[in-house]
Amino acid sequence: MEKWSGLAGKTATDCIRILLTCTRKWQFFGATLFEARAKTDNQEIWLAINEEGVCLLSHQTMQVIERFPYPTIV
């Protein structure tokens, strides 16, 4: 609630700029995310694909489980 109230009085353009500034800081900004299941234990995960490679992320915390740079895949 405190974060939202901090936007009071800001224009829509300012709010968009603030949102984009925050999201660009996330390491997977611009990645395409897919829901998947790990073949080994049938655990739900996120598959994040970006210009650096492929990452497996925890479905609940979005923390990196494993990272596969493209040179190791191709």
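How many helices and strands make up the secondary structure of the protein chain?

## Overall architecture

This report describes a predicted model. The secondary structure of the protein chain consists of 3 helices and 4 strands. Along the sequence, these elements follow the pattern α-α-β-β-β-β-α. The radius of gyration is 17 Å, well over the 11 Å that the globule rule gives for 74 residues, so the protein chain is more spread out than a compact globule.

Taken along the principal axes, the C-alpha atoms fill a box of roughly 50 × 25 × 15 Å. Of the 74 residues, 18% count as buried. Among the contacts with a separation of 6 or more, 12% are made by residues 24 or more positions apart.

## Surface

The protein chain exposes about 6,100 Å², and carbon and sulfur atoms supply 59% of this area. A nonpolar surface patch of about 430 Å² is formed by Ile16, Leu20, Trp26, Phe29 and Leu33. One of these residues, Ile16, is placed in helix α2, which covers residues 12–24.

## Salt bridges

Side chains of opposite charge can pair when their charged atoms come close. In the whole structure, 2 salt bridges are found.

One of them joins the side chains of Asp14 and Arg17, with an N to O distance of 3.1 Å. Both Asp14 and Arg17 lie in helix α2, where they are 3 residues apart, about one turn of the helix. Asp14 has a relative accessible area of 28% and is therefore partly exposed, since this class lies between 20% and 50%.

Another salt bridge links Glu44 with Arg37, and their closest N and O atoms are 3.2 Å apart. Glu44 is partly exposed, at a relative accessible area of 37%. Arg37 also counts as partly exposed, at 48% relative accessibility.

Strand β3 spans residues 53–58, and strand β4 spans residues 64–69. The two strands pair in the antiparallel sense over 5 bridges. Within this pairing, Cys55 stands opposite Arg67 in β4. Together β3 and β4 form a hairpin, with 5 residues between them.

Ser58 belongs to strand β3. Is Ser58 buried or exposed? Its relative accessibility is 14%, so Ser58 counts as buried, the limit for this class being under 20%. Leaving aside residues up to four places away in sequence, Ser58 touches Trp46, Gln63 and Ile65.

## Loop residues with positive phi

Which residue in the turn of the hairpin has a positive phi? It is Met62, whose phi is about 65 degrees, although Met62 is not a glycine. Met62 is found in the loop between β3 and β4. With a relative accessibility of 23%, Met62 counts as partly exposed.

Asn42 likewise has a positive phi, near 60 degrees, and is a residue other than glycine. Its place is in the loop between β1 (32–37) and β2 (44–50). At 48% relative accessibility, Asn42 counts as partly exposed.

Notes:
Residues numbered from 1 in each chain as written. Predicted model: local features only at pLDDT ≥ 70, side-chain atom pairs only at ≥ 80, totals over all residues. Heavy atoms only, no water. Patch = residues over 30% accessible without salt bridge, like charges linked within 9 Å, V, L, I, M, F, W, Y side chains within 5 Å. Areas by Shrake-Rupley, 256 points an atom, 1.4 Å probe, with all protein chains shown as cover. Salt bridge = Lys/Arg side-chain N within 4 Å of Asp/Glu carboxyl O. Buried < 20%, exposed > 50% of the residue type's maximum accessible area, 1.4 Å probe, protein only. Contact = heavy atoms within 4.5 Å. Rg over C-alpha atoms; globule rule 2.2 N^0.38 Å. Pairing = 2+ DSSP bridges.
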